[in-house]
Amino acid sequence: MPQGTSIRRQRISLPPPDEDQFYTVHHFNINIDIIFYGRTFKIYDCDTFTKNFLKKIGVKLNPPGQCPEDPYMKIRRETLDCMKPLRPYESFDTLKQFLEYDRKVLRFFCLWDDSATLFGDRRELILHYFLSDDTIEVKEVMPHNSGRDAMSLFLQRRKLPKYGPPGVCQPGQVTDRTVLNIYGGLKENRVDGYLLDKYKLGKLDQEFYKDSDLFIGATINVWGRKVLLCDCDEFTKTYYKTKYGIENFTSIPCKAPPLPKIERKFPPYTGFGSEEDSLRSCIGLVPTPHQRDFKKFMEKDSYGNISNTLRFFAKLITHKCADVDRMFVISYFLSDDTISVFEPIERNSGITGGKFLKRIRVKKPGQEVFKSELSEYIKAEELYIGATVNVNGYLFLLLNADEYTLNYMETNSDMFPMSSIELILQKLKEEESKSREIKQVFTAADCKHTKMVDYNTFRDIIMSLTVGKLIDHELITLARHYRVPKDPCPDMSVLMAQAHEQLKKNTFENFESLISTCVYQDREKKKVLPSKDIRRLCKSFRLPLSDDLLGSILSGFEDSEKQINYESFFCALNWRINPMPELEATLYTKERCEDEWLGMPSPIPVKYINYMRLLKDVFGLEEE
């Protein structure tokens, strides 16, 4: 039968005898016959738009009729009804489900609690439900060091029965269709076949899990194992929210409660080797060497001008007269918390100086030797000026520290509270009742009204008024914070003497070439050049002077316009034409820093302290 478009879009003439006219909209109605080119078509109904349109133009619509029955389809249906008892037909349309839900999988996080059995425990599982064919797959989440063999699947992909295990089934019992075999007889040309069983005799009915049976909190039967559904992913939540209207997806914790931590006890130290090495032999069957803190070593190891070493000047606390005046240098290395003690060599003292203690970690006193725990060692926080340190039975009193140590402790004041200026000022503010008295004492000590006093006077006044609230290290930190800065511009003769000393050591005499180059660059013949050009020329000729020294000398020769007379500058640097007297070694002033220091041969921390700034910051006192 021809199908598709039987008459294309065109104007159609009416049947004879009115073939000179054409069909209009008024010729159409429901439940009438209409003739197109000799073929009769029956209109039995129309759509809503057509009904509304015809009503608007005044056409009265007939009631809709029934579609005429196709005689061929009627005969075919009667034939099939007669054949149904002999050849039953069942339709299993799974293609639509496959095309709609292929690659769409529901994922649940499950828990199988098998701790009630011998050697059983809690097992975490992941359940996959494939929407394309209603099959289920289960995987096990294998934790590290669980002792089990890693298996790819806990349950292979298949339909999961609700009431399992059902037992052993005979072949043909579990099937979608029940088939009857047809015996063709004993004929030579017999034909054996089969047909579907209408009554499904012997078929085993089983109920399998569907997506409607799975939800958070449900317990399913996985072949005799009770599995609890604890959580699901976002796609699964969206699927159940859209299809079943479920809004509550509160997850159930599936992690097992933490086991009680068993304290591991180690045997006591035997005395052979270090404590760390002996402990490593108790941790594993194959002893491995102790690994030190490599990150700390890389951060705190010495490099360049940064030593990361705290050095203190100390004396020995003893009753022996021969050892009372012995002085030592205690070095603390921040990279590995080791300590070394060195005694400066003093001639005609009767004592051989040198290394007193090699670099090693020092244990705190009063600890048991043979014990299971590791010993505690001296830390950097326990070292400060005025502290007493026990180094293997020798008591040392820390008297002073070098400049790097004091700067490091003041920078890291959170580790060293003795170097925190905020805590020191807080202690001084507690003496606010004595503010007037403190100001009068400082004013009386400052005879020349310079608003500053020397260190010894400052120390005596603070110690007498605070009555032991401040220790020596805190007093030095306070003095360093309020010290009077030194003159930043040294004498030009001293700078030139330093420059001549460096030029002599490197035998630099190329001054005539420098002057010739300056004359060439002086286009205007004014005998002056900018300071930056002179500095650039000195760098290009490799003048052996440091940047700070060269900058200080250049600033001394600059005029108001930052210009330098290059002839006078290089003539002054010429150590052969204009020699300068050699520098004399600076002798440190041996002053009394503490009464009990017995004339310590080291420089005082600062020379002068501005006491007015201190009084203003602590008590808010202004100058009268």
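**Close-up 1. H12 and H15 sit oblique to each other in this predicted model.** Oblique is the label for whatever is left once angles under 35 degrees are called roughly parallel, over 145 roughly antiparallel and 65 to 115 roughly perpendicular. Here helix H12 (residues 492-505) packs on helix H15 (residues 547-557) at about 135°, and their axes are 10 Å apart. Axes are lines fitted to C-alpha atoms, for helices over the stretch in contact, with angles running from 0 to 180 degrees between N-to-C directions. Helices (H or I, at least four residues) and strands (E, at least two) are DSSP runs, numbered from the N terminus. The crossing of H12 past H15 is left-handed, meaning the near helix is turned anticlockwise from the far one by less than a right angle. On the H12 side, the contact uses Met492, Leu495, Met496, Gln498 and Ala499, while H15 brings Leu549, Ser552, Ile553, Gly556 and Phe557; contact means heavy atoms within 4.5 Å. Sorted by class, that makes seven nonpolar, three polar and no charged residues. For the classes, Ala, Val, Leu, Ile, Met, Phe, Trp, Tyr, Cys and Pro are nonpolar, Asp, Glu, Lys and Arg are charged, and the others, Gly among them, are polar.

**Close-up 2. H7 and H11 are roughly perpendicular to each other.** Helix H7 (residues 403-411) meets helix H11 (residues 472-481) at about 90°, their axes 12 Å apart. From H7 come Glu403, Leu406, Asn407, Met409 and Glu410, and facing them in H11 are His473, Ile476, Thr477 and Arg480. This contact has three nonpolar, three polar and three charged residues.

**Close-up 3. Pro16 and Pro17 are joined by a cis peptide bond.** Omega is about 10° there. Pro17 belongs to the segment before strand S1 (32-36).

**Close-up 4. Asn145 has a positive phi without being a glycine.** The value is about 55°. Look for Asn145 in the loop between strand S5 (135-140) and strand S6 (155-158).

**Close-up 5. Two stretches carry the UniProt "domain: DM10" label.** The unreviewed entry puts this annotation on residues 1-58, 102-244 and 306-413, two of which are picked out here. UniProt positions follow the numbering used here, feature names are shortened, and annotations may be inferred rather than shown by experiment. Residues 1-58 are 16% helix and 17% strand, with end C-alpha atoms 38 Å apart. Residues 306-413 come to 8% helix and 37% strand, with end C-alpha atoms 18 Å apart.

**Notes.** Residues are numbered from 1 along each chain as its sequence is written. In this predicted model, local features need pLDDT of at least 70 and side-chain atom pairs count only at pLDDT 80 or more, totals for chains, interfaces and linings use all residues, and side-chain values use heavy atoms, leaving out hydrogens and water.
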